[in-house]
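Subject: The structure for you to look at

Hi,

Here is the structure I promised to pass on.

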Amino acid sequence: MRRREVIRLAVLAAIVPLSACGGETGPSFSCGETAALSPAELAMRTGQQYTDQTTQPDHRCSNCRYYTPAPPAECGACQVIRGPIHPEGFCNLWTTPG
């Protein structure tokens, strides 16, 4: 084995146990792909402080009035902010469903 392969295996061996036993602290997937958004859409997303991981468990995208769900482990959508939206995300526009 080459040195790079050994290092790569060592890194994977360290990462896999963390995810297998719930050691992850953030979302299990990312909804940060914003390459297709216009500058104005990016500014709206940034201005509303969108993040893939909320710090307020009772205020998350999946329980917001504007969220459009997607299949599990996929990004949903928002009626106000363009781009992929994580169900565990949050922004300043969060509103109770109803």
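**What turned up**

The search for cavities of 30 Å³ or more gave a count of 1. A cavity here is a set of points on a 1 Å grid over the protein atoms alone where a 1.4 Å probe fits but cannot get out, and lining residues have an atom within 4 Å of a point. Grid points are joined across faces, edges and corners, and the volume is the space filled by probe spheres set on the points.

Before going further, a word on the source: this is a predicted model, in which local features need pLDDT of at least 70 and side-chain atom pairs count only at pLDDT 80 or more, while totals for chains, interfaces and linings use all residues. Residues are numbered from 1 along each chain as its sequence is written, and side-chain values use heavy atoms, with hydrogens and water left out.

Back to the cavity. The largest cavity holds about 90 Å³ of space. Its lining has 13 residues, and those nearest the centre are Cys61, Cys64, Cys78, Ile85 and Cys91. What kinds of residue make up the lining of the largest cavity? There are 12 nonpolar, no polar and 1 charged.

**The chain as a whole**

The protein chain has 2 helices and 2 strands, in the order α-α-β-β from the N terminus on. These are DSSP runs numbered from the N terminus: helices are H or I with at least four residues, strands are E with at least two.

Of the 98 residues in the protein chain, 22% are buried. Buried means under 20% relative accessible area, exposed over 50%, and partly exposed in between (1.4 Å probe, protein chains only). The accessible surface of the protein chain is about 6800 Å², and carbon and sulfur atoms account for 58% of that. Those areas come from the Shrake-Rupley method with a 1.4 Å probe, and for residues only the protein chains shown count as cover.

Take contacts (heavy atoms within 4.5 Å) between residues at least 6 apart in sequence: 66% of them join residues at least 24 apart.

**A charged pair**

How many salt bridges are there? The count is 1, where the rule asks for a side-chain nitrogen of Lys or Arg within 4 Å of a carboxyl oxygen of Asp or Glu. The partners are Arg82 and Glu41, at 3.7 Å from N to O. They sit 41 residues apart and link distant parts of the chain, with Arg82 in the segment after strand 2 (77-78) and Glu41 in helix 2 (residues 39-47). Side chains of opposite charge can pair when their charged atoms come close. Glu41 counts as partly exposed because its relative accessible area is 24%.

**Loops worth a click**

Start with Tyr50, in the loop between helix 2 and strand 1. Is Tyr50 buried or exposed? Tyr50 has a relative accessible area of 14%, so it is buried. Leaving out neighbours within four places in sequence, Tyr50 is in contact with residues including Cys61, Ile85 and Cys91.

Gln49 lies in the loop between helix 2 and strand 1 (67-68). Although Gln49 is not a glycine, its phi is positive, at about 60°. Gln49 is exposed, since its relative accessible area is 53%.

Ala73 is another non-glycine with a positive phi, about 65°, and belongs to the loop between strand 1 and strand 2. With a relative accessible area of 59%, Ala73 is exposed.

Cys75 is also in the loop between strand 1 and strand 2, and is partly exposed at 26%. From Cys75 to Cys31 is 5.8 Å, C-alpha to C-alpha, across 44 residues of sequence. Beyond four places in sequence, Cys75 touches Phe29, Ser30, Cys31, Ala70, Pro84 and Ile85.

One of those, Ser30, sits in the loop between helix 1 (3-20) and helix 2. Ser30 is exposed, with a relative accessible area of 55%. Not counting residues up to four places away in sequence, Ser30 touches Asp52 and Cys75.

Cheers

Key: On a 1 Å grid over the protein atoms alone, a cavity is a set of points where a 1.4 Å probe fits but cannot get out, and a pocket is an open set with protein on both sides within 12 Å along at least five of seven lines; lining residues have an atom within 4 Å of a point. Ala, Val, Leu, Ile, Met, Phe, Trp, Tyr, Cys and Pro count as nonpolar, Asp, Glu, Lys and Arg as charged, and the others, Gly among them, as polar.
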